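Colleague: I have a chain open here and would like to go through it. Can you help me read it?

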Amino acid sequence: IEYMTNSSDAKSQFLDGIEYQYSSDWIQHLESEEHWRFYWHQINLVLNELEEGDTILEIGPGSGFLSNYLRSKGFSVTTMDIDEQKYPDIVANVVEYPFPDRYDHIMAFEVFEHIPFIKFIDVLTKLGKTARKNLFLSLPRNYKIWFHADLVIPYFRSISFTIKTKRYKIITQNHFWELDYKNHNLKSLAVAIKEAGFISAKIYKVKLLVFFQLKPKSQIL
């Protein structure tokens with residue numbers, strides 16, 4: 001989900017002939033209710049995996065909600081972003097950052113669609129050597145939702161019902177790629193995940209996002 005389309009604060013950085021566009025003005029406004037629901041899914045995915053003393057790196061902290069929440073629970077969180085106006089601990093483009101330090105957990109929610117897929121593969125490989133325990137991430141799906149309903153039936157589990165269609169084009173500003181657009185699907189992503197040195201521990205879909213928990217192979221062996 002993108003929150004800086006038609007931004008008045010658009011900035012860009014050129015690296016190896018590629019223009020990376022980003023913005024920070026959206027973090028000054030209250031996000032939508034749907035966005036807050038995605039925060040819940042991020043926390044739900046991450047929190048049960050954390051142990052006292054673990055170190056955490058968040059790539060792309062956005063408004064800082066997730067990192068601040070985890071810090072309030074006593075965890076050490078380092079943030080990294082290309083945009084200095086988000087006041088990250090590390091100002092860097094993830095594509096060229098060497099990752100000199102290792103972290104127990106790395107979080108990158110709605111980040112990697114902002115870099116070309118081939119660069120994402122390179123970054124994923126670097127993170128395979130940087131994350132000790134987990135890499136958590138989410139990616140958008142190239143669909144349009146026409147109808148969605150969450151039904152709660154007494155004495156039964158809740159049921160979600162969605163009517164959606166593929167877009168066949170990327171309409172969100174600053175996205176280089178999305179899942180289910182052209183050949184970027186879960187199958188091809190699984191190959192990239194394996195080659196980068198990770199094993200998929202958990203994958204689940206929430207409307208137009210797919211959440212991933214990846215574990216380094218070295219931890220499993």
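The chat below goes from the whole chain to the sheet and then to the helices.

Modeller: Keep in mind that this is a predicted model.

Colleague: How many helices and strands does the secondary structure of the chain come to?

Modeller: The chain has five helices and eleven strands. Its radius of gyration is 17 Å, close to the 17 Å that the globule rule gives for 221 residues, so the chain is as compact as a globular protein of that length.

Colleague: And what does the C-alpha trace span along its principal axes?

Modeller: About 50 × 40 × 35 Å.

Colleague: Now the open sheet. What is the order of its strands?

Modeller: There are seven strands, in the order E5-E4-E3-E6-E7-E11-E10, and the pairing is mixed.

Colleague: Which strands stand at the edges?

Modeller: Strand E5 (90-91) and strand E10 (198-206) do. Each has a single partner strand, so one side of each is left without a neighbour in the sheet.

Colleague: What holds paired strands together in general?

Modeller: Strands of a sheet pair through backbone hydrogen bonds, and they may be parallel or antiparallel.

Colleague: How many bridges join E7 to E11?

Modeller: Six, between E7 (residues 131-140) and E11 (residues 209-216), and these two strands run antiparallel. To find a spot in that pair, look at Ser138, which stands opposite Phe211 in E11.

Colleague: Which strands does helix H3 lie across?

Modeller: H3 (residues 117-128) lies across E3 (55-59), E6 (103-109), E7, E10 and E11. Its direction is at about 155 degrees to E7. Helix H4 (residues 186-195) also packs on the sheet, where H4 touches E7, E10 and E11. The direction of H4 makes about 25 degrees with that of E11.

Colleague: At what angle do H3 and H4 pack?

Modeller: At about 35 degrees, with their axes 9 Å apart. The crossing is right-handed. Phe117, Phe120, Ile121 and Leu124 in H3 meet Leu189, Ala192 and Ile193 in H4. By class, that contact has seven nonpolar residues, no polar and no charged.

Colleague: Change of topic: how far apart are the axes of H1 and H2?

Modeller: The axes of H1 (residues 33-46) and H2 (residues 65-72) are 11 Å apart, and the angle is about 45 degrees. That makes H1 oblique to H2. The crossing there is right-handed.

Colleague: Which residues in H1 meet H2?

Modeller: Trp36, Tyr39, Gln42, Ile43 and Val46 in H1 do, and on the H2 side they meet Phe65, Leu66, Tyr69 and Leu70.

Terms used:
Residues are numbered from 1 along each chain as its sequence is written. This is a predicted model: local features need pLDDT of at least 70, side-chain atom pairs count only at pLDDT 80 or more; totals for chains, interfaces and linings use all residues. Side-chain values use heavy atoms; hydrogens and water are left out. Two strands pair if DSSP finds at least two bridges between them. Helices (H or I, at least four residues) and strands (E, at least two) are DSSP runs, numbered from the N terminus. Contact means heavy atoms within 4.5 Å. Axes are lines fitted to C-alpha atoms, for helices over the stretch in contact, and angles run from 0 to 180 degrees between N-to-C directions. Angles under 35 degrees count as roughly parallel, over 145 as roughly antiparallel, 65 to 115 as roughly perpendicular and the rest as oblique. A crossing is left-handed if the near helix is turned anticlockwise from the far one by less than a right angle, and right-handed if clockwise. The radius of gyration is taken over C-alpha atoms; the globule rule is 2.2 Å times the number of residues to the power 0.38. Ala, Val, Leu, Ile, Met, Phe, Trp, Tyr, Cys and Pro count as nonpolar, Asp, Glu, Lys and Arg as charged, and the others, Gly among them, as polar.
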